[in-house]
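Q: Can you walk me through this model? I'll ask as we go.

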Amino acid sequence: MVRQFRAAALLALLLLAQACGRKGDAEPQAAAQGLLAAVASGDAKGFEDHTDREAVRADLRRQIAGLAQQSGLEVDGGPSDAALDRMIGPDLLHLVAAGTEAPLAAPPSPAQVALMSKRIDRDHVCVHDLTPAQACILTFARQPNGWRLVAMPAADRKIEVPAEPPKKG
């Protein structure tokens, strides 16, 4: 009986360790890498494939209303969907090399995206800036149809990409 309990406990610990591993981050990082590749190439369809436009609109509307309130303005309903749609697209984000701010010559690699990604909670991952605070720039949420962009900045749309990490081995 004790042996069975130990075996069950060991199995539970192994499953828990596997669940806590980085493998769970592969899918959202692939979505982020796909979106950033669409940004790098100006691929509108690829960008849309990784975007929940309704959620991004709501996030931008919230940000703009907050900025207006800080300025003492009150705008009923906020910006229109058409105005918000003009703020969402691959050509509105700018990928630059960290340190030099030179435009990237190629899309970020999966390894570069991994360096810029952090899990917020079970259902949200973000691409963060390269400051020690790691402030989120792009936020992705788990949805029934996969991981999708749900939040992005209303202003300062420059995304600094770190250098390719050294190869292991």
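Q: What do the buried residues of helix 4 pack against?
A: They pack against helix 3 (44-49), helix 5 (81-85) and strand 5 (146-151). Helices (H or I, at least four residues) and strands (E, at least two) are DSSP runs, numbered from the N terminus. Contact means heavy atoms within 4.5 Å.

Q: Before we go on, what kind of model is this?
A: It is a predicted model: local features need pLDDT of at least 70, side-chain atom pairs count only at pLDDT 80 or more, and totals for chains, interfaces and linings use all residues. Residues are numbered from 1 along each chain as its sequence is written, and side-chain values use heavy atoms, with hydrogens and water left out.

Q: Fine. Which residues of helix 4 are buried?
A: Arg53, Val56, Arg57, Asp59, Leu60 and Ala68. Buried means under 20% relative accessible area, exposed over 50%, and partly exposed in between (1.4 Å probe, protein chains only).

Q: How many residues does helix 4 have, and how far does it reach?
A: Helix 4 covers residues 53-70, which is 18 residues. From first C-alpha to last it reaches 26 Å, close to the 26 Å expected at 1.5 Å a residue. The expected span is 1.5 Å times one less than the number of residues.

Q: What follows helix 4?
A: Gly72, with a positive phi near 85°.

Q: Which residues other than glycine have a positive phi?
A: Glu101 is one, with phi near 60°. Gln134 is another, at about 50°.

Q: Where do they sit?
A: Glu101 is in the loop between strand 1 (94-97) and helix 6 (110-115). Gln134 is in the loop between strand 3 (124-128) and strand 4.

Q: Are those two buried or partly exposed?
A: Glu101 is partly exposed, because its relative accessibility is 41%. Gln134 is partly exposed too, at 31%.

Q: Switching topic. What is the volume of the largest pocket?
A: About 200 Å³. A pocket here is an open set of points on a 1 Å grid over the protein atoms alone, where a 1.4 Å probe fits, with protein on both sides within 12 Å along at least five of seven lines. Lining residues have an atom within 4 Å of a point. The volume is the space filled by probe spheres set on the points, which are joined across faces, edges and corners.

Q: Which strands supply at least two residues of its lining?
A: Strand 4 (136-143) and strand 6 (158-161). Strand 6 gives the most, with three residues.

Q: Last one. What is the overall layout?
A: The protein has six helices and six strands. From the N terminus they run α-α-α-α-α-β-α-β-β-β-β-β. Of its 169 residues, 34% count as buried.
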